[in-house]
Amino acid sequence: MGLFLIEEIPSGLPAEKAVAQIRSQGGLVCIPHPFDRLRPSALKNQTIEMLLPHIDIIEAFNSRTLLLRDSTKAKLFAQTHGLLTGVGSDAHTPSEIGNAYVEMPEFNGRDEFVQSLAKGKIIGRRTNPLVHVISSWAKLRKRS
């Protein structure tokens, strides 16, 4: 995921190419829901390790991550490697909006964002696991 981009990056690129394009724009690289073993879109551990020199932010909490130990692993990884931490509600339904956020000082621009995020406090609650059933049902209805 890229923050502070000037141009859109096409979806479907390999992670290395997406990160290179984010960096070429002076953007910040954030890895969403890392180490989430139940999410097919999560990057594999070896990919995260390979990209480590280019990562700015690790999503340390995602309210839709079912296994709490996956979020714990992400937080420890960020601490071990001196990375900033972010969060994601990953809202698919209105009731999920705001399940996770970072309370941080106001900022203007990329550099102040980095400083502000470093001072931020993670706030989050896990989404009810039943919401995954609702999301799956909605996908099935959309296909038919």
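Which residue stands opposite G86 in β4? In this predicted model, the residue opposite G86 is E59. Strand β3, which spans residues 57-62, pairs with β4 in the parallel sense, and five bridges connect the two. Both belong to an open sheet of four strands, arranged in the order β1-β2-β3-β4 with mixed pairing. The edges of the sheet are formed by β1 (2-3) and β4 (84-88), each of which pairs on one side only. Strands of a sheet pair through backbone hydrogen bonds, in either a parallel or an antiparallel sense. Helix α4 (residues 109-118) lies across β1, β2, β3 and β4, and runs at about 85° to β4.

Aromatic rings were examined next. A pair of such rings is described by the distance of the centres and the angle of the planes. The search of the whole structure gives three aromatic pairs. One of them joins F35 and F77 in an edge-to-face arrangement, with 5.2 Å from centre to centre and 65° between the planes. F35 is located in the loop between β2 (28-31) and α2 (45-51), whereas F77 is part of helix α3 (residues 68-81), so this pair ties together parts that are 42 residues apart in sequence. Both F35 and F77 are buried. F107 and F113 also form an edge-to-face pair, at 5.1 Å centre to centre and with 75° between the planes. F113 is buried, at a relative accessible area of 12%, while F107 is partly exposed, at 34%. Ring pairs join F107 and F113 with F4 in a cluster.

Charged side chains were considered last. Side chains of opposite charge can pair when their charged atoms come close. The count of salt bridges is three. In one of them, the side chains of R23 and D56 meet at 3.1 Å, N to O. R23 belongs to helix α1 (residues 15-24) and D56 to the loop between α2 and β3, so that distant parts of the chain, 33 residues apart, are linked. D56 is buried, with a relative accessible area of 17%, but R23 is partly exposed, with 29%.

A salt bridge also connects D70 with R37, whose closest N and O atoms are 2.4 Å apart. Because D70 is in helix α3 and R37 in the loop between β2 and α2, the pair ties together parts 33 residues apart in sequence. D70 counts as buried at 1% relative accessibility, and R37 counts as exposed at 51%. R110 and D111 form a salt bridge at 3.2 Å, N to O. Here R110 is partly exposed, with a relative accessible area of 28%, and D111 is exposed, with 51%.

Notes: Residues numbered from 1 in each chain as written. Predicted model: local features only at pLDDT ≥ 70, side-chain atom pairs only at ≥ 80, totals over all residues. Heavy atoms only, no water. Phe/Tyr/Trp six-rings, centres within 6.5 Å; stacked < 30°, edge-to-face > 60°. Buried < 20%, exposed > 50% of the residue type's maximum accessible area, 1.4 Å probe, protein only. Pairing = 2+ DSSP bridges. Contact = heavy atoms within 4.5 Å. Axes fitted to C-alpha atoms, helices over the stretch in contact; angles between N-to-C directions. Salt bridge = Lys/Arg side-chain N within 4 Å of Asp/Glu carboxyl O.
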